[in-house]
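The sequence and structure come first, followed by the points grouped by topic.

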Amino acid sequence: MIDTANTITLMKGNPLFAPLPAEGLALMADHSTITTFSSDEKLIEENGENRSLFLLISGSVKVISNGTEVDRQQAGDTAGEVSMSKISPPVADVIAVGEVEAILFPTETIDAACSQYPAFAKLLRDTAMKKVYDR
């Protein structure tokens with residue numbers, strides 16, 4: 001089990017969370033959960049309803065858009081930025097390659113952080129746009 005301090009340490013290792021001050025990191029960590037996904041399990045379904053931002057702790061995922069693999073994400077990376085930034089529903093399936101452990105930040109927590117920290121909201125949106133248009 002990962003505690004709040006370890007969650008914050010993992011968050012600090014990903015540039016998406018850089019705009020958040022200590023209070024923002026603590027807010028998100030306090031409202032996060034850790035989940036394990038089995039091989040081939042979908043974390044996110046293309047055009048489905050995604051309710052979390054994922055920070056991968058271990059393992060990797062493949063990103064499949066319109067039936068084509070367009071990317072791989074690994075421990076330390078995030079997934080779910082597109083739907084969390086409200087740009088659109090998920091534009092790709094995100095599927096576990098082997099067992100994957102991830103920290104899940106629920107929509108409500110992301111929305112609260114975006115409201116309190118505009119720089120985080122901007123980086124989340126910019127990251128989402130980059131993922132959509134650079135694939």
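Helices (H or I, at least four residues) and strands (E, at least two) are DSSP runs, numbered from the N terminus. The model is predicted: local features need pLDDT of at least 70, side-chain atom pairs count only at pLDDT 80 or more, and totals for chains, interfaces and linings use all residues. Residues are numbered from 1 along each chain as its sequence is written, and side-chain values use heavy atoms, with hydrogens and water left out.

**Overall fold**

- The protein contains five helices and six strands, which follow the order α-α-β-β-β-β-β-α-β-α-α from the N terminus.
- The radius of gyration is 14 Å, close to the 14 Å of the globule rule for 135 residues, so the protein is as compact as a globular protein of that length. This radius is taken over C-alpha atoms, and the globule rule is 2.2 Å times the number of residues to the power 0.38.
- Along the principal axes, the C-alpha atoms fill a box of roughly 40 × 30 × 20 Å.
- Contact means heavy atoms within 4.5 Å. Among contacts between residues at least 6 apart in sequence, 76% join residues at least 24 apart.

**Burial and surface**

- A residue is buried under 20% relative accessible area, exposed over 50% and partly exposed in between (1.4 Å probe, protein chains only). Buried residues account for 42% of the 135 residues.
- The protein exposes about 6,700 Å², of which carbon and sulfur atoms supply 50%. Accessible areas come from the Shrake-Rupley method with a 1.4 Å probe; for residues, only the protein chains shown count as cover.

**Strand pairing around β6**

- Two strands pair if DSSP finds at least two bridges between them.
- β3 and β6 pair in the antiparallel sense over 11 bridges, and V63 stands opposite V94 in β6.
- Strand β1 (residues 33-37) also pairs with β6 in the antiparallel sense, over five bridges. Here T35 has A102 of β6 as its bridge partner.
- Strand β2 (residues 42-44) is joined to β6 by two bridges, and these strands run antiparallel. The bridge partner of K42 in β6 is I95.

**Two serines of β3**

- S52 is found in strand β3 and is buried, with a relative accessible area of 12%. Leaving aside neighbours within four places in sequence, S52 is in contact with A79, G80, M84, L104, F105, P106 and T107.
- S58 also has its place in strand β3, but is partly exposed at a relative accessible area of 30%.
- Beyond its neighbours within four places in sequence, S58 is in contact with A75, E99, V100 and E101.
- S58 and A102 are 44 residues apart in sequence, while their C-alpha atoms are 7.0 Å apart in space.

**Nonpolar cores**

- A nonpolar core is a set of buried Ala, Val, Leu, Ile, Met, Phe, Trp, Tyr and Cys residues joined through side-chain atoms within 4.5 Å.
- The largest nonpolar core has 20 residues, of which M11, F17, L20, M28, F105, I110 and F120 touch the most other members. Two or more residues of this core come from each of α1 (4-12), α2 (22-30), β3 (52-65), β6 (93-106), α4 (107-116) and α5 (118-133).
- A second, separate core of 14 residues includes L56, V63, A79 and V100.
- M11 is in contact with F17, L20, L25, M28, A29, L55 and F105, leaving aside neighbours within four places in sequence.

**Aromatic pairs**

- Rings of Phe, Tyr and Trp (its six-membered ring) pair if their centres lie within 6.5 Å; planes under 30 degrees apart count as stacked, over 60 as edge-to-face and the rest as tilted. The whole structure holds three aromatic pairs.
- F17 and F120 form a stacked pair, 6.3 Å centre to centre with 15° between the planes. The pair links distant parts of the chain, 103 residues apart: F17 lies in the loop between α1 and α2, and F120 in helix α5.
- F17 is buried at 2% relative accessibility, and F120 is buried at 0%.
- The rings of F37 and F54 have their centres 6.0 Å apart and their planes at 65°, so this pair is edge-to-face. F37 in strand β1 and F54 in strand β3 are 17 residues apart, and both F37 and F54 are buried.
- F17, F105 and F120 form one aromatic cluster.
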